[in-house]
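Colleague: I am new to this structure and would like to know what its descriptions rest on. Please show it first.

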Amino acid sequence: MTKVRTMRAAGTVGTVAAFALLAALPPQVSAQDTVRVGITYRPGVRPGLVVLPAPGLDSVRAIVARDLDYGDRFEVIALTQTPPSDAAPRGPINFAFYRTLGAALALELVPAASGGVTARLYDLGAERFQAETTMPVDRSGTGDGRMTVHRLSDEIVRLGTGQPGIASTRMLFLNEDKRIWRVDSDGAGLVPVSPAGVSAASPVWSPDGARIAYMQFAADGSKPIVVQVVGSGTRSVVPTTSGTQNITPSFAPDGAGLMFARMSDQGVSLYGANVRDLCCVERLTGGRFAENFSPAYSPDGRRVVFVSTRSGGQQIYAMAADGTDQELLVPFDYGDTGNSNAPDWSPDGAAIAFHREVGGAPQIYTFDLAGRRPKQWTSSGRNEDPSWAPDGRHLVFVSNRTGRRQLFVVDTETARTRQIVTPGSARLPAWSRSFGRPQ
Amino acid sequence: MPLALLALCAVAACGKKDPVVVPPTDTGPGSTTTPAGNPGTPGNTGPGNTGGGGDATRALAAELANMIHFDLDQDAIKPEDRPILDRKADILRANPALRIRVSGHADERGSDEYNLVLGNKRALAAKQYLVSKGVDASRIDVTSLGEERPVASGSDEGSWAQNRRDEFEIISGGDRLVAPR
């Protein structure tokens, strides 16, 4: 994928070298990457999109339509009727008819000769074909094949808006049985991940999604941090965390570093470890009787946001990844502003999500690092433990607004919110990076 | 920890070795509760709890298991709980081989992860009190279960007050306990 990125960068400069690179790439990849799309993505504006009937691809069409709806980049318009037979289409589809539904774009899905699916976008206003992509897709849209459809959905989002989608992502969470579970972004594919008979908490993804880390409640009262390979289930204990009290792991963006908090008689401090070589543990925060925990890295890996009680209650602080240059990040009024916890740094680096107690109940906040203003996103019930989607715009969090703790997703551009229904209760969610192409 | 041991843990057997610490339904509606005074942890059935020590040992073990409670988001020992801890200190001093584990708990309010920190502070508060009464610190382990194992499942002050607690369990040396003089 590095090649593609290089090509894109060079392509904007328009050098001869860029053309040489282009020629060397497979035609499919270059087509996806170089097509200029007519619709310009504008924040806050969702163009209407209609997904045309797709004979033989009903499952794929249903999943894609729902993915595009959940992605909040388009307003997906339900197709309740087909064009009247006497209205002859001009061009490949009946532009005029679909325009009357309020749509700006039409999406056509057709079986590809390769066995995959071709997705074509039409600009209904300009009455022309706009762009297409062909992906290897499991047309049954069932089981593991669903992820191939989600990847197609994300390519359609990229084709239509130039922005990343979130369909090919998953979430980890702590279920009522005290095991870590996984669920796809659309609520399908619920499956336990951590072993039965072991109580766990605070799951996180490695940056590439191949491993997860979580804390474990061991029988001897200790709390080791465990790194588990998702594919094989192989588990390893992070050095020095066996026989000690450790909580709240967080992967560094390089996938090798892991930060966590250790509780001891002297307080709670942040530690960093190298989990690629299982070595090199170092203490990063000091101070007796202060508590520092719940670290989360910035996307460039240079800084870490965390919770500290150094000023009394729990508030959001930041520091360099080596533990130096510590600062209060989110301002608060002592004795007035409620406890703030569970910070997560957005993938674009621009904001921190966290929860803060308001009138006795935690609510979801974001803190824009440029504007330095906290913004509240929830108000009904208890809402806590936000985690960013890879598009830097959606958050998954826990809410008890329906009576039991469940996962909810909020779009921080439109405030649109949806529930991900899970059996039992769901807590401490962690949103993965994309399992589609690198973004 | 030596790397060799870590390598052992890299296989699935590491997970199987760990018994369930927490009952599966303990935070949900209608969850089961642990009887008061029962440590309810693996140590309860572990080595040297009540094995053949007779009624006196059982009575002393029960006194050791008496819980203490805390105010909301506080880790200060309440005055009414001092006699409970004083009695534990007496029993510990009379039985030098005895080792215990203090586990701190929180109610369901507050952040899940902060509650682990709070439980740790509560367990440490009891440990420090016992140490101040002459018990060697190395005989007292501390752990925290945060809000993960409530004894009362309700979402009301009565339940919360029961859940903000320290539990005490015997790790070793509890086979035949001698009463303090």
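Colleague: Which residues have the most contacts inside the largest nonpolar core?

Modeller: They are A213(A), L258(A), V304(A), V305(A), I352(A) and L395(A), in a core of 80 residues. This is a predicted model, in which local features need pLDDT of at least 70, side-chain atom pairs count only at pLDDT 80 or more, and totals for chains, interfaces and linings use all residues. Residues are numbered from 1 along each chain as its sequence is written, with chains lettered from A and ligands numbered from 1 in the order in which they are written.

Colleague: What makes a set of residues a nonpolar core?

Modeller: The set must consist of buried Ala, Val, Leu, Ile, Met, Phe, Trp, Tyr and Cys residues joined through C-beta atoms within 7 Å. Buried means that 20 or more other C-beta atoms lie within 10 Å of the residue's own; exposed means 12 or fewer, and partly exposed is in between, with C-beta atoms placed from the backbone. A second, separate core has 31 residues, among them A54(A) and Y122(A).

Colleague: Which residues is L258(A) in contact with, leaving aside neighbours within four places in sequence?

Modeller: A213(A), V238(A), P249(A), S250(A), F251(A), A252(A), A273(A) and V275(A). A contact requires C-beta atoms, placed from the backbone, within 7 Å.

Colleague: Why are strand 14 and strand 15 of chain A called paired?

Modeller: Pairing needs at least two bridges found by DSSP. Strand 14 and strand 15 (residues 267-274) of chain A have eight, in the antiparallel sense, so they count as paired. One bridge joins F260(A) to Y271(A). Strands are DSSP runs of E, at least two residues, and helices are runs of H or I, at least four, numbered from the N terminus.

Colleague: What makes strand 1 and strand 3 of chain B edge strands?

Modeller: The open sheet has the order 1-4-2-3 in chain B, with mixed pairing. Strand 1 (68-69) and strand 3 (140-146) of chain B each have a single partner strand, so one side of each is left without a neighbour in the sheet. Helix 5 (residues 112-132) of chain B packs on this sheet, at about 155° to strand 3 of chain B. Such angles run from 0 to 180 degrees between N-to-C directions, with axes fitted to C-alpha atoms, for helices over the stretch in contact.

Colleague: How confident is the predictor in chain A?

Modeller: On the pLDDT scale of confidence in each residue, from 0 to 100, the mean for chain A is 89, and 88% of its residues reach 70 or more. Over residues 1-38 of chain A the pLDDT is below 50.

Definitions and conventions. Two residues are in contact if their C-beta atoms, placed from the backbone, lie within 7 Å.
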